[in-house]
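Morning, everyone. Let me put the structure up.

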Amino acid sequence: MSLNERLKDGLEFKGKSEKGQSTPPGIIHTIRSFDLAQRYVFLRLDLNVPLRDKVLYEERQVEDDTRIQEAVPTIQYCIDHGAKVIIASHLGRPEGRKKMEYSLEPVARRLCLFLGKEVTLADDCVGDGIQHLTKGMKEGQVLLLENLRFYKEEELNSLEFSKKLASFAEIYITDAFGTAHRKHSSTYTVPQLMQKKGIGFLIEKELKFLEPLINEPQRPFYAVLGGIKVTDKIKTIEALLKRVDALLIGGGMAKAFLAAIGNPIGALTTPSKPEDVTAAQTLLKEATRLNVKVILPTDTNAGYDIGDETIATFCNFLTRSRTVFWNGPLGWFENPNYEKGTFQVAKNIAELNSLKIVGGGDTVSAIRKAGVGHCFDHLSTGGGAVLEFLEGRGLPGIDILKVPVE
Ligand code: ADP
Ligand code: MG
């Protein structure tokens, strides 16, 4: 059965990937498996959007509403199916205190706009007041709970706090992909306390595109990697080495790989940290052992971008691909003097017939800025969660939703 067919009722996980890593077996229900009419649905979303003017309460605005837009289809589905929708999210790092500059109020305003209906923002996320508010809810009504991280218990994964959250609803749905790698109350323990649980459309889409990268990628499968620090992404690179046919490395992190092989181009600007060079050395050895080709830059634009020769090599090599995964800009693209490498490669990948998947907040921004976002099959805004998923060990907030195969 194809993945698309399986998605109709729920995703089935056999528990072993091609390379033998294990994730728990079971079925993850999608939101379509539940009868939502008249039901209280606890919807965990990732509405953690960047805000402008954090200090002046009244003037705060949502700077980039991508995550809110991405959440709309699941909320709309709940509304259309007569659910009583209780939305929960975190925003920023209020460190367990009610710091009103981290209120979800600007998010609530934007949600009202997108849904074209009233969204009630509660002044808290647990307590008698919320119990009272939920009691009076009608079908199709939307209640947004205040920032979960106003309570330190959220990140501490407290059972008591989780029980309070779980008490409001009958069905647990998560679409918070960007937070699925965290074992927090609302992502990890609340679903364990609820019998009916599943995923929304955003996570479904993420899994649909990301799962084949781990299990059955169309080959050749090439990964393009950039960004600055090797040590931040070491586990992801290790995991990718087991799956890809070649790695193309650009961006600041290429310097560490060039230093690792004693190539002088790497030493042109700020030298890489010794730990990055050591990590690069280990990864290069592993690549040789696994017979994975590693393509490094042969020229640079002042160390802040890949040079013209490298752009041509990368673009040329990628024409042979059938699957491309890209994480990490190839240069300091925020500065117009150094955007060329990232933008040219983005435009070239955009033209390929391969499956093209991008993960990483900055990489997605870069590709959008290059004007070719719509040409990619999937732009994941999951950030750290995407990279952890590619490590093949599963994500706690998703694995916990698995129920035994009947
Ligand atoms: P993502 O968010 O997509 O995972 P990262 O956070 O790893 O990407 O890296 C993004 C940052 O790396 C960008 O801000 C970009 O400017 C920077 N960057 C990439 N290459 C270089 C370079 N050679 N010099 C300076 N900055 C770089
Ligand atoms: Mg980033």
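I'll go through ground rules, then two pairs in turn.

This is a predicted model: local features need pLDDT of at least 70, side-chain atom pairs count only at pLDDT 80 or more, and totals for chains, interfaces and linings use all residues. Residues are numbered from 1 along each chain as its sequence is written, chains are lettered from A and ligands numbered from 1 in the order in which they are written, and side-chain values use heavy atoms, leaving out hydrogens and water.

How many aromatic pairs does a search of the whole structure find? Seven. A pair here means rings of Phe, Tyr and Trp (its six-membered ring) with centres within 6.5 Å; planes under 30 degrees apart are stacked, over 60 edge-to-face, the rest tilted.

Take Y151 and F161. Their pair is tilted, 5.3 Å centre to centre, with 35° between the planes. Y151 sits in the loop between β8 (142-144) and α5 (152-156). F161 is in helix α6 (residues 159-166), ten residues apart from Y151. Helices (H or I, at least four residues) and strands (E, at least two) are DSSP runs, numbered from the N terminus.

Buried or exposed? F161 is buried, at 4% relative accessibility. Y151 is partly exposed, at 21%. Cut-offs: buried is under 20% relative accessible area, exposed over 50%, partly exposed in between (1.4 Å probe, protein chains only).

Next, Y304 and Y338. Centres are 5.0 Å apart and planes at 50°, so this pair is tilted. It links distant parts of the chain, 34 residues apart. Y304 is partly exposed at 38%; Y338 is buried at 14%.
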